[in-house]
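Please walk through the model below one region at a time. The paragraphs start with a pair of side chains, go on to the ligand, and end with helices and loops.

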Amino acid sequence: MTPPADLARPPQALFSPARSPGLTAPTSLMETARLMRRNPMAILPEALFETTRLTGPYLGRKVHEVSGPAEMKSILQDNFHAWRKSPLILRMLTPILGDSILTAHGESWRRQRRILQPAFLKRRIDRFVPIMAGAGSDAVETLLAADGPADVHAVMNDTTFSVIERALFSDVEGFDRFEVRAAIEVLLEEIGRMRYSDLAPSPEWAPRLMGPGARRARKVFRAAADGQIARRRALDDPGEDLLGLLLSARDEETGAALSDRDIRDTLMTFIAAGHETTAIALTWALYLISHDEACQDALRAEADAVFGAGEPDAEAVPQLVLARQVIEESMRLFPPAPILGRRAVTDTEICGHPVRKGDVALLAFYCLHRHKTLWEHPDHFDPDRWSPERRPRDRYQFLAFGGGPRACIGAQFALQEAAIVLSLIVSRTRITPAHGEVEPVMQVTLRPKGGMPLKIEAR
Ligand code: HEM
């Protein structure tokens, strides 16, 4: 196995990207609603980078904003049953994803998690390495073909879309790729667009009204997914892609299979949860290394040693050690899901502090990941902090993939994909910044405002 490149450097040699400024004074409800719609990052109090819990009033209840590992563990793991995903996010997701693993709770969620978990075993996701490597090589060509700076965010979106689409449906007979992709784009856009009406308190069961475009897109997607499910059910062998795995998956406790509707909602859920998040992780990683030549050189040396002029295979993936460190460090600085919301469904507590049923918790991963008491030089890009000697020992100090029973089911899939695509791009190109600061804005994920133009030249 190739030893990881040594990237230990003094702090003054490290790049320090912009940090989303936190609130330094209390704001009115109206102002909070305005900030939430523009960029929810702006409602995080600056104090959360130094303290680990703040409690304030919220529409007759309390909001508990937390940014410490113990508080995160208390909510995500120890008192898991006392909390549900926030009604706001459920109202945005449910019309499109249905009662899927991402949105369900209680027994429905537990059953789906049990059935779906085996699809993400290492030996299963190893099968997707060629798809990931092919998409990475296509991305290199697209980036190099750009006339002037390339919008890396747009290219990474295409890349991760093509990976998840091919991992879900290896064969797409009777399926109009372009029409389905366009429909999915409309649906993802619909999920990501927050409206003032979303911020008003309303019962959890109240459906969020969708516009005619989104309703049409949902119909197109559902018809395409239903068609693929029916076609595949008629074959003797369901196949080895994710759709095949979903069709043959059985509940180990009851032996039950997933219904067609469960499968359709799961397909859309994997696309919604796995495509933009991974694209964002790669986009920020490319931005950060565009400012760090030494890191690019070390990544290139690793890629040359591991797969040379070819493409990585399943055996090469565990050797892309530095690539993985760079991805982890990028997701520390720019977590694709920077804030999670939960609502208490019973009275409970956070590290000894009482919480009443109906209270809200905001889990500020962004502040946890840059917390002044947890990290050395928290705002610096330092992939070496993920080396075996330095990486954090507390599981709840880094929560890009969430934690507890509802942690991301696709984390290994995403890390493998991101390491492959990043290594391929760096091994064949040289990346430099196209302009100065970029502004991170939260639209479900933490995106760079206005895209991410970078200069990409052939190596
Ligand atoms: C870098 C990429 C990714 C990031 C940062 C990410 C992040 C997360 C986070 C933070 C959660 C927890 C949400 C919560 O507790 O409210 C989550 C859950 C989930 N993710 Fe990911 N994810 C990524 C990639 C993927 C991929 C590739 C897939 C599938 C192919 C996926 C599928 C899911 C699903 C199904 C859940 C819900 C799990 C449950 O509730 O049991 N994610 N993800």
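A polar contact is a pair of N or O atoms within 3.5 Å; within protein, one atom must be able to donate a hydrogen and the other to accept it, and residues adjacent in sequence count only if both atoms are side-chain atoms. The model is predicted, so local features need pLDDT of at least 70 and side-chain atom pairs count only at pLDDT 80 or more, while totals for chains, interfaces and linings use all residues. Residues are numbered from 1 along each chain as its sequence is written, and side-chain values use heavy atoms, with hydrogens and water left out.

By the definition of a polar contact, the side chains of glutamate 253 and arginine 114 are joined at 3.5 Å. Glutamate 253 sits in the loop between helix H11 (242-248) and H12; helices (H or I, at least four residues) and strands (E, at least two) are DSSP runs, numbered from the N terminus. Glutamate 253 is exposed, because its relative accessible area is 57%; the classes are buried for under 20% relative accessible area, exposed for over 50%, and partly exposed in between (1.4 Å probe, protein chains only). The C-alpha atom of glutamate 253 is separated by 28 Å from that of threonine 346, 93 residues apart from it along the chain.

Arginine 114 counts as buried because its relative accessibility is 18%. Its side chain also makes a polar contact of 2.7 Å with the side chain of aspartate 251. Leaving aside neighbours within four places in sequence, arginine 114 is in contact (heavy atoms within 4.5 Å) with Glu107, Asp251, Glu252 and Glu253.

Which residues come nearest to the ligand? Of the 26 residues around the ligand, they are Trp109, Arg113, Arg342, Arg406 and Cys408, where a residue is near a molecule or strand if one of its heavy atoms lies within 4 Å of it. An oxygen atom of the ligand is 2.8 Å from an N or O atom in the side chain of arginine 113. The elements that give two or more residues to this shell are helix H4 (106-116), helix H12 (260-290), strand S5 (339-344) and helix H16 (411-428). H12 gives the most, with five residues. Other ligand oxygen distances are 3.4 Å to an N or O atom in the side chain of lysine 85 and 3.3 Å to a polar backbone atom of isoleucine 101.

By class, the shell has 17 nonpolar, five polar and four charged residues. Here Ala, Val, Leu, Ile, Met, Phe, Trp, Tyr, Cys and Pro count as nonpolar, Asp, Glu, Lys and Arg as charged, and the others, Gly among them, as polar. The iron atom of the ligand has a single donor from the protein, the SG of Cys408, 2.3 Å away. Donors are N, O and S atoms within 2.8 Å of the metal (3.2 Å for Na, K and Ca); water is not among the atoms, so sites may look incomplete. Cysteine 408 is placed in the loop between H15 and H16.

Helix H7 (residues 152-168) has 17 residues and reaches 24 Å from its first C-alpha to its last, close to the expected 24 Å; the expected span is 1.5 Å times one less than the number of residues. In H7, 14 of the 17 residues are buried. Aspartate 151 caps the N-terminal end of H7, with a side-chain oxygen 3.1 Å from the backbone nitrogen of histidine 153.

Helix H8 (residues 177-192) has 16 residues and reaches 22 Å, close to the 22 Å expected. At its start, a side-chain oxygen of aspartate 176 comes to within 3.1 Å of the backbone nitrogen of phenylalanine 178. Buried residues of H8 include Val180, Ile184, Leu187 and Ile191. Their cover includes helix H3 (87-97), H7, helix H10 (212-233), H12 and strand S10 (440-443).

Backbone angles come last. Most residues other than glycine have a negative phi. Cysteine 351, however, has a positive phi near 50 degrees, and lies in the loop between strand S6 (348-350) and strand S7 (353-355). Histidine 377 has a positive phi near 40 degrees and is found in the loop between helix H15 (365-369) and H16. Cysteine 351 counts as partly exposed because its relative accessibility is 37%, and histidine 377 does because its value is 38%.
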